[in-house]
Amino acid sequence: MTTTTAATRTVFLLAHTGRPAAIRSAELVVRGLLRCGLGVRVLAREAADLPLPEEVELVPEEAAAEVMGSCELLVVLGGDGTLLRGADFARTSGVPMLGVNLGRVGFLAEAERDDLDKVVDRVVTRAYEVEERMTIDVVVRSNGGIVHQDWALNEAAVQKVSPERMLEVVLEIDGRPVTGFGCDGIVCATPTGSTAYAFSAGGPVVWPEVEALLMVPISAHALFAKPLVTSPTSVLAVEVQPGTPHGVLWCDGRRTLQLPAGARVEVRRGSVPVRLARLHHASFTDRLVAKFALPVSGWRGAPH
């Protein structure tokens with residue numbers, strides 16, 4: 001394999017190499033792109049698990065974000081975890097991400113494993129559109145100072161650590177307290193994340209084009225513990241009470257931080273969106289029905 005490429009158009013490929021299906025899919029996509037004259041780059045540490053032609057450029061992990069910035073597209077093959085890993089690179093580089101779902105639901109994906117030929121054709125002919133998805137920026141404060149900063153595409157979740165004791169929290173929106181209770185956790189989500197952890201916790205499904213922030217309690221012991229939907233300019237805060245056991249912060253289920261008692265987690269609209277490449281013009285309604293296999297038989301539609 002070589003470390004340089006003369007191709008004027010280059011695609012970065014990210015795959016879940018622990019899955020045989022992803023390895024086979026990656027080989028098909030790579031060979032299809034190379035055959036059409038596009039250059040392909042992959043992470044060097046993934047290359048050993050992929051049957052790659054010599055023309056593929058290998059990129060060290062520490063140089064991935066910089067190198068990816070000169071690519072036309074980031075193609076990600078895998079389940080939700082791999083797609084969120086790809087979103088890290090997409091956000092940092094500003095390159096659109098095209099996801100191919102090899103997992104179960106895959107709301108972030110634009111294609112399924114049976115669509116690989118179509119994916120290659122659309123990439124080669126540039127027959128895709130790019131849309132921006134809202135992210136959230138996360139700040140953790142303790143003892144009056146900032147101890148951690150992070151971001152998420154789907155959600156930031158404050159959760160209990162000890163299974164036998166609840167996490168005591170007070171919720172705040174735009175600098176004003178809303179309510180407090182004991183719970184298993186709180187999910188602060190984007191519209192994109194409304195079909196992920198927030199959905200499992202009982203939150204509403206929010207269409208991606210709606211600009212809003214969500215705050216969804218998990219197993220709260222309170223009469224008023226409903227999901228809240230706020231303005232995209234709102235600042236959400238979760239305060240872990242001093243007398244409660246410490247909690248944990250999860251961002252997109254990938255990055256974690258131990259939260260001491262008394263910690264404060266602030267969530268606001270992210271300063272940098274994630275760009276997603278879209279192949280289809282299908283409505284989000286159709287995507288929702290397909291992903292969750294919702295029963296729609298008997299629907300007659302509007303009268304003509």
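The protein chain exposes about 14100 Å², an area computed by the Shrake-Rupley method with a 1.4 Å probe, where for residues only the protein chains shown count as cover. The model is a predicted one, in which local features need pLDDT of at least 70 and side-chain atom pairs count only at pLDDT 80 or more, while totals for chains, interfaces and linings use all residues. Residues are numbered from 1 along each chain as its sequence is written, and side-chain values use heavy atoms, with hydrogens and water left out.

**Overall form**

Along the principal axes, the C-alpha atoms of the protein chain fill a box of roughly 60 × 60 × 35 Å. The protein chain has seven helices and 20 strands. These are DSSP runs numbered from the N terminus: helices are H or I with at least four residues, and strands are E with at least two.

Buried residues make up 50% of the 304 residues; buried means under 20% relative accessible area, exposed over 50%, and partly exposed in between, with a 1.4 Å probe and protein chains only. Of the contacts (heavy atoms within 4.5 Å) with a separation of 6 or more, 67% are between residues 24 or more positions apart.

**Nonpolar cores**

A nonpolar core is a set of buried Ala, Val, Leu, Ile, Met, Phe, Trp, Tyr and Cys residues joined through side-chain atoms within 4.5 Å. The largest has 30 residues, and Leu13, Leu33, Val40, Leu73, Leu77 and Val123 have the most contacts inside it. Among the elements that give two or more residues to this core are strand S1 (10-15), helix H1 (20-35) and helix H5 (116-124). H1 provides the largest share, six residues. Leaving aside residues up to four places away in sequence, Leu33 touches Val11, Leu38, Val40, Val120, Val123 and Val124. Another core, of 27 residues, lies apart from the largest one and includes Val138, Val140, Val238 and Ala263.

**Cysteines**

A disulfide is a pair of cysteine sulfur atoms within 2.5 Å. A search of the whole structure finds zero disulfides.

| Cysteine | Relative accessibility | Closest cysteine sulfur |
|---|---|---|
| Cys71 | 7%, buried | Cys36, 17 Å |
| Cys251 | 0%, buried | Cys188, 10.0 Å |

The sulfur of Cys251 is therefore too far from that of Cys188 for a bond.
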